[in-house]
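This briefing concerns the packing of one protein chain. Please consult the sequence and the structure shown below.

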Amino acid sequence: MSLASSLPPELLCRIFILASDHPPSLARAALVCQSWTDPAQRALHTHVRLRTSTQADGWLASPTRLQYPIQSMFLVREEGQADDSRAVRVLLACTGVEELVLVCQTWAKCGFLALRSLSRQYCLR
């Protein structure tokens with residue numbers, strides 16, 4: 001048994017939460033060994049940041065997004081995005097979110113009030 005696989009899951013969770021500002025590192029950590037997979041993925045899904053439509057689509061398609069509770073969601077609506085359908089799909093897909101941050105790069109085009117009311121209805125407890 002290697003040292004990496006012998007660390008207690010509680011310790012791994014604390015370490016990975018500290019690294020949650022760097023999702024690529026958490027994704028790599030999930031591949032280190034089997035005992036790291038669950039704690040790393042749990043940390044990866046604790047604070048979700050979707051800054052591009054590609055990231056939002058990837059998150060929506062991810063089967064692991066349903067396995068872990070999300071504490072906070074940071075969602076950016078890209079400038080020039082034709083409608084809010086992707087943001088609405090993300091909001092409908094998240095449950096139990098404690099903190100929701102919606103950012104629009106062009107406020108006049110955002111439809112922010114509609115998103116804000118959806119966030120209360122579907123995401124915030």
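Which residues of helix 4 (residues 34–46) are buried? They are W36, P39, A40, Q41, A43, H45 and T46, where buried means under 20% relative accessible area (1.4 Å probe, protein chains only). The model is predicted: local features need pLDDT of at least 70, side-chain atom pairs count only at pLDDT 80 or more, and totals for chains, interfaces and linings use all residues. Residues are numbered from 1 along each chain as its sequence is written, and side-chain values use heavy atoms, without hydrogens and water.

**Nonpolar cores**
- A nonpolar core is a set of buried Ala, Val, Leu, Ile, Met, Phe, Trp, Tyr and Cys residues joined through side-chain atoms within 4.5 Å.
- The largest core has 16 residues, of which L50, W59, I70, M73 and V90 touch the most other members.
- At least two residues of this core come from each of strand 1 (47–50), helix 5 (53–61), strand 2 (72–77), helix 6 (85–93) and strand 3 (99–104).
- Helix 6 contributes the most to this core, namely four residues.
- Another core, of nine residues, lies apart from it and includes L26, C33, A40 and A43.

**Helix 6**
- A87, V90, L91 and A93 are buried in helix 6.
- Viewed down the axis of helix 6, the buried residues fall within an arc of 165 degrees (taken from the directions from the helix axis to the C-beta atoms), so they line one face of the helix.

**Strands 2 and 3**
- Strand 2 and strand 3 run parallel and are joined by six bridges.
- The covered face of strand 3 holds L100, L102 and C104, whereas E99, V101 and V103 form the uncovered one.

Key. Buried < 20%, exposed > 50% of the residue type's maximum accessible area, 1.4 Å probe, protein only. Pairing = 2+ DSSP bridges.
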